[in-house]
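User: I am new to this structure. Please show me how to read its features, one at a time.

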Amino acid sequence: MSTNDKGGTAPLLVLNKIRQILECFTIEQPELNLQQITKATGLPASTCQRLVHNLTREGFLDRTDDTYRIGLGLVRWAAPGTFGLDMVQLTRPALQQLRDRTGETACLYVRDGAYRTVVSLAETRHVVMRLFMIGMVMSLHAGSAGKVFMAYDPSARRAAVSHGLTRHTASTVVDIDVLDRQLEEIRRNGFSASFEERDLGAASISAPVFGSNGELVAAVGIGAPTQRLTPADVARLAPLVVEAGEEASRRLGYRPGSRLEPTDTEQ
């Protein structure tokens, strides 16, 4: 057996190259083509191409046409680590209070492209519940939390529409005109409510969470079975969800009046 087989330096060198590739992607440049990745890493073109291909196959990267971005698989695997992030820690009291006031599971979501991911939750004490897990990934256009992102962030709307408005149930909105009217109503009301848009028998209410600079950073919401959360319950529960969003925003340093209004003409 060679030194490399016993855990020598070769595997570490490969990991270092993988790290170089993943570190190429930033908030400012979330999508790169192979030539840009090769230039940024300084790796030989053949080596870079082989590693990028393998990373895509394993879900570490996602590919659209000729561009790559951090893969949703990697986002899911990394989600448990978000317990160490300031946003998750700071907003946890707001989630727990929302769970206690409504009796339903409260979740915090962040967005990645055309999807939203659960990064924190406070689970209901009801035996019958709507199941949520840290790292759960869902589309934006189906469900109240996703529509909050679309309503307050024009780039989220574009990402969802470009990805395609897939029908999950008979209640999923796939008509862009209807969807835009709903987004306008969400901005006007300050919350979103949905019923069986992604899963039969499931309902939710969500509200925006803003950061210190006034930008939308997350969505907070409750999810429950439709036997406990009906359209008739929205008037009672929505104000509690909005208050939780406001409290989470306050804990992240947001101050009223500092919110950035969408200016994108494609809104």
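Analyst: This is a predicted model. Start with the term nonpolar core: a set of buried Ala, Val, Leu, Ile, Met, Phe, Trp, Tyr and Cys residues joined through side-chain atoms within 4.5 Å.

User: How many residues has the largest nonpolar core, and which have the most contacts inside it?

Analyst: In soluble globular proteins, nonpolar side chains tend to be buried together. Here the largest nonpolar core has 27 residues, and L98, L108, I205, V209 and I222 have the most contacts inside it. Two or more residues each come from α5 (86-102), β4, β5 (115-122), β8 (202-210), β9 (216-225) and α9 (234-251). The largest share, seven residues, is that of α9. Another core, of 25 residues, lies apart from this one and includes L121, A145, Y152 and L165.

User: Which residues of helix α7 are buried, and where do they lie around the helix?

Analyst: In α7 (residues 154-163), the buried residues are P154, A156, R157 and A160. Viewed down the axis of α7, they fall within an arc of 160°, so they line one face of the helix. These buried residues pack against β4 (105-112), α6 (144-152) and α8 (176-189). After α7 comes G164, with a positive phi near 110°.

User: At what angle do α6 and α7 pack?

Analyst: Two packed helices are described by the angle between their axes and the distance between the axes. For α6 and α7 the angle is about 120° and the axes are 5 Å apart. That angle makes α6 oblique to α7. Their crossing is left-handed. F149, M150 and Y152 of α6 make the contact with P154, A156, R157 and A160 of α7.

Definitions and conventions
Residues numbered from 1 in each chain as written. Predicted model: local features only at pLDDT ≥ 70, side-chain atom pairs only at ≥ 80, totals over all residues. Heavy atoms only, no water. Buried < 20%, exposed > 50% of the residue type's maximum accessible area, 1.4 Å probe, protein only. Helix = DSSP H or I, 4+ residues; strand = E, 2+ residues; numbered from the N terminus. Arc of directions from axis to C-beta. Contact = heavy atoms within 4.5 Å. Axes fitted to C-alpha atoms, helices over the stretch in contact; angles between N-to-C directions. Parallel < 35°, antiparallel > 145°, perpendicular 65-115°, else oblique. Left-handed = near helix turned anticlockwise from the far one by under 90°.
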